[in-house]
Amino acid sequence: MVDDRRGGRGFGVAAGLEADVVRALAPRCAADGYRSLWSNDHPMASGLETVAEFAAAAPALDVGVAVMPLDRHQPDGIAAAVARLELDPSRLWLGIGAGFTDRPLGVVREGLAALRSVLPEGTSVIVAAMGPKMCALAGGQADGVFLNWMTPERAAWARERVTDGAREAGRESPPPIFGYVRVAVGPDAADRLLKEESFYRELHPGYKRHFATLGREPGSVGIAAADPAQVRAELARYEPAIDHIVVRALAHADADSLAAVADAAAPEA
């Protein structure tokens, strides 16, 4: 479990990972020192289904979905899936995002309230945030904040906005900050990061604005390491701003490929 629901490191995959791969990967991540296992959620596969497999295969670790967009998922449906899959609320980080709605702040604010009325007590709801208003909203109201596609410098900027939001809401301390850091290793690492990042750069105007704000060349937001020994030093640059880094593996969907990334990015013993 995550000490104080903050520290440690997580490992993340794409939703829909085959069950045999999960059963091989989850114990490996536990042995490597990871404290949580994560999945995204996309129209072709359920993130909750994937983390349910993780929860069964690594019962000592937290699990999380980052994130379920509220333009595709209704709170009642999310709660029903959590119950059907028998996910332990004390181990679950449920991430939500605005999706591609034209009123993101309202949708997230309403979604948070609705989810808290239908989810089991103890479930932690975290909010995906990139811009200043969503960071402030998450800091003031959510159980955690999930950052995505950040440089270390931009993550530090987001942390300040989260802290401001918590202070304005009268919270004693800001909620924990999580964040995906894409990691690819091996001779094709740069190509993998470029392919993933290029997809998101064109996905939606909000992402286009975000990447423009970063001012970074395509294929440079994340870690692409031909030598796996480079990964830990690069991840360390994110640690001042992100309480719980989630290593988002860019690899083939097989146990060996994913484990290679997990081993390279594992926390120091």
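This is a predicted model: local features need pLDDT of at least 70, side-chain atom pairs count only at pLDDT 80 or more; totals for chains, interfaces and linings use all residues.
Glu-197 and Arg-201 form a salt bridge, with the closest N and O atoms 2.7 Å apart. Both Glu-197 and Arg-201 are buried.

Next, a pair that reaches along the chain. Glu-268 makes a salt bridge to Arg-232, where the closest N and O atoms sit 3.4 Å apart. Glu-268 is in the segment after helix 10 (255-265) and Arg-232 is in helix 9 (residues 231-236), so this pair ties together parts that are 36 residues apart in sequence. Glu-268 counts as exposed, at 60% relative accessibility, and Arg-232 as partly exposed, at 32%. Then there's a network: salt bridges with shared partners link Glu-160, Arg-161, Asp-164 and Arg-167. Within that group, Glu-160 and Arg-161 pair up with their closest N and O atoms 3.3 Å apart. Glu-160 is partly exposed at 46% relative accessible area, while Arg-161 is buried at 19%; the cut-off for buried is under 20%. Over the whole structure, the search finds 17 salt bridges.

On to the strands. Strand 1, residues 9-13, runs parallel to strand 2, with 4 bridges joining them. Val-13 is opposite Ser-39 of strand 2.

What covers strand 2, residues 36-39: one face or both? Both faces are covered, with Ser-36 and Trp-38 buried on one side and Leu-37 and Ser-39 buried on the other.

Now the packing. The largest nonpolar core has 70 residues, and Phe-54 is one of those touching the most other members, along with Phe-11, Leu-48, Leu-87, Val-183, Val-231 and Leu-235. Leaving out residues up to four places away in sequence, Phe-54 touches Val-13, Leu-17, Val-22, Leu-25, Ala-26, Leu-37, Trp-38 and Val-63. Apart from that core lies another, of 10 residues, including Phe-211 and Leu-250.

Last up, cysteines. The disulfide count is 0. Cys-29 is buried at 0% relative accessible area, and Cys-135 is buried at 0% too.

Conventions. Residues are numbered from 1 along each chain as its sequence is written. Side-chain values use heavy atoms; hydrogens and water are left out. A nonpolar core is a set of buried Ala, Val, Leu, Ile, Met, Phe, Trp, Tyr and Cys residues joined through side-chain atoms within 4.5 Å. Buried means under 20% relative accessible area, exposed over 50%, partly exposed in between (1.4 Å probe, protein chains only). Contact means heavy atoms within 4.5 Å. A disulfide is a pair of cysteine sulfur atoms within 2.5 Å. Helices (H or I, at least four residues) and strands (E, at least two) are DSSP runs, numbered from the N terminus. Two strands pair if DSSP finds at least two bridges between them. A salt bridge is a side-chain nitrogen of Lys or Arg within 4 Å of a carboxyl oxygen of Asp or Glu.
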